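This briefing is meant to be read alongside the sequence and the three-dimensional view. Please keep both open while going through the points below.

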Amino acid sequence: MTEEDNWLNKIEMGVGAWAWGDRWFWGFGGKYHEKDVQEAFEASLNAGIRLIDTAEAYAQGESERLVGKFVHNSSERFYIATKFMPFPWRLGKGTLKRSLRNSLERLGMEKVDLYQMHWPIPPISIENWMNRMAEVHQAGLVDGIGVSNYDRTQTQRAFEELTRLGIRLASNQVEYHLLDRRIEKSGLLKQCQELGIRVIAYSPLAQGLLTGKYSAQIPPRGVRGSRVTKTTLEKLQGLIAQMRKIGVLHGDKTPAQVALNWVICKGALPIPGAKNQAQAVQNAGALGWRLSEEAIELLDDAADKVSG
Ligand SMILES: NC(=O)c1ccc[n+]([C@@H]2O[C@H](COP(=O)([O-])OP(=O)(O)OC[C@H]3O[C@@H](n4cnc5c(N)ncnc54)[C@H](OP(=O)(O)O)[C@@H]3O)[C@@H](O)[C@H]2O)c1
């Protein structure tokens, strides 16, 4: 695949499907159900969003099952990205291909557009995994090969091994949003851009924090709530206020739309999760406009005051 062929470069935003079916972290089956996520899917489709990100690990395969079901009921062409989890006990040579076949079965597809190595987990080396990825690519089961949560060195190793095999590394999916700018600071974003690797930004709304609906008084519930401190929630309000001001100046955009547009302006591809129609519609409103340079600088400064 050449850089021009990297279809990911033509995609501005996708939708993340981790919450579709996930009870433990996101509470599927409580306040939202299959009907809600189906409506989120349809709203994304209506807004022109065609990339869906899922993983075998999401809801023990239920996310892939739901994605497959929704996509099959639609006549549109979708780009489906899923992931392989290299658990340390997955040592056998055929595990990746077997896992991929299981994903394909749940998705009801013969091929996925993007197959990503979910995490860099030892003991199998990156080079070894890339060889196994190359095998399923050559077998016609996956189009693009991606990695996820890879740092600079790991990305370079994956890129070089695939290049040696005549394949371009299509993407690196990493956490990236206003409250987590490690990839800017470490140089990973720049490195990927220079190598023609599309950066896919996960949790681009900081798992809901950047929508402006959470505060020290109204923290996120469940597992998510236990991962964020009261101090962060208090400091966050300054950033949210700045996002609201900037949103007004850009045609009444919401904090969520400002957060997603910021990611796009930085040259990455956000894949916000949406649990229902309203969230998907709002997130799609991040497309079709651009934050000014000045606004980006103001947001960077305000974000630094929250996360340092
Ligand atoms: N590769 C990896 O290791 C990895 C890790 C994490 C995620 N991901 C991928 O990235 C995708 C997105 O990340 P994420 O789901 O962790 O976080 P996110 O996209 O930052 O946040 C999604 C959550 O924010 C809330 N939300 C979304 N849109 C909203 C809106 N417009 N208004 C108000 N609330 C809104 C919803 O939760 P509430 O309504 O409950 O607040 C939603 O579930 C995942 O679905 C997955 O595909 C990948």
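Is Asn283 buried or exposed? Asn283 is buried, with a relative accessible area of 6%, where buried means under 20% relative accessible area, exposed over 50% and partly exposed in between, with a 1.4 Å probe and protein chains only. The model is a predicted one, in which local features need pLDDT of at least 70 and side-chain atom pairs count only at pLDDT 80 or more, while totals for chains, interfaces and linings use all residues. Residues are numbered from 1 along each chain as its sequence is written, and side-chain values use heavy atoms, with hydrogens and water left out.

**The chain as a whole**

- The secondary structure of the chain comes to 12 helices and 8 strands, the helices (H or I, at least four residues) and strands (E, at least two) being DSSP runs numbered from the N terminus.
- The radius of gyration is 19 Å, close to the 19 Å that the globule rule gives for 308 residues, so the chain is as compact as a globular protein of that length; the radius is taken over C-alpha atoms, and the rule is 2.2 Å times the number of residues to the power 0.38.
- Taken along the principal axes, the box filled by the C-alpha atoms is roughly 50 × 40 × 35 Å.
- Of the 308 residues, 55% count as buried, and the chain exposes about 13,600 Å², of which carbon and sulfur atoms supply 50%; accessible areas come from the Shrake-Rupley method with a 1.4 Å probe, and for residues only the protein chains shown count as cover.
- Among contacts between residues at least 6 apart in sequence, 78% join residues at least 24 apart, a contact meaning heavy atoms within 4.5 Å.
- The mean positions of the 39 positive and 35 negative charges are 5 Å apart; Lys and Arg count as positive and Asp and Glu as negative, with His and the chain ends not counted, and the place of a charge is taken as NZ of Lys, CZ of Arg, CG of Asp or CD of Glu.

- The 13 residues of helix H4 (residues 126–138) should span 18 Å at 1.5 Å a residue, and its end C-alpha atoms are 18 Å apart, which agrees; the expected span is 1.5 Å times one less than the number of residues.
- The buried residues of H4 are Ile126, Trp129, Met130, Arg132, Met133, Ala134 and Val136, and they pack against strand E3 (79–84), helix H3 (95–107), strand E4 (112–117), strand E5 (142–148) and helix H5 (152–164).
- H3 has 13 residues and reaches 18 Å from its first C-alpha to its last, close to the 18 Å expected; its buried residues include Leu96, Leu100, Leu104 and Leu107, and their cover includes helix H2 (62–72), E3, E4, H4 and E5.
- H5 also has 13 residues and an end-to-end C-alpha reach of 18 Å, close to the expected 18 Å; its buried residues are Thr155, Ala158, Phe159, Glu161 and Leu162, covered by elements including H4, E5, strand E6 (169–175) and helix H7 (188–195).

**Backbone geometry**

- A cis peptide bond with omega of about 15° joins Pro122 and Pro123, and Pro123 is placed in the loop between E4 and H4.
- In the loop between strand E7 (198–202) and helix H8 (222–226) is Ala206, a residue other than glycine whose phi is positive, near 50°, and which is buried at a relative accessible area of 9%.
- Gln207, in the loop between E7 and H8, has a positive phi of about 55° although it is not a glycine, and Gln207 is buried with a relative accessible area of 15%.

- Asn283 is found in helix H11 (residues 277–284) and, leaving aside neighbours within four places in sequence, is in contact with Met13, Leu205, Ala256, Leu260, Pro272, Gly273 and Ala274.
- Asn283 and Ser44 are 239 residues apart in sequence and 8.6 Å apart in space, C-alpha to C-alpha.
- Ile183, in helix H6 (residues 182–185), is buried with a relative accessible area of 6% and touches Val174, Glu175, Tyr176, Leu188, Leu189 and Val199, not counting residues up to four places away in sequence.
- Ile183 and Ile124 are 59 residues apart in sequence and 25 Å apart in space, C-alpha to C-alpha.
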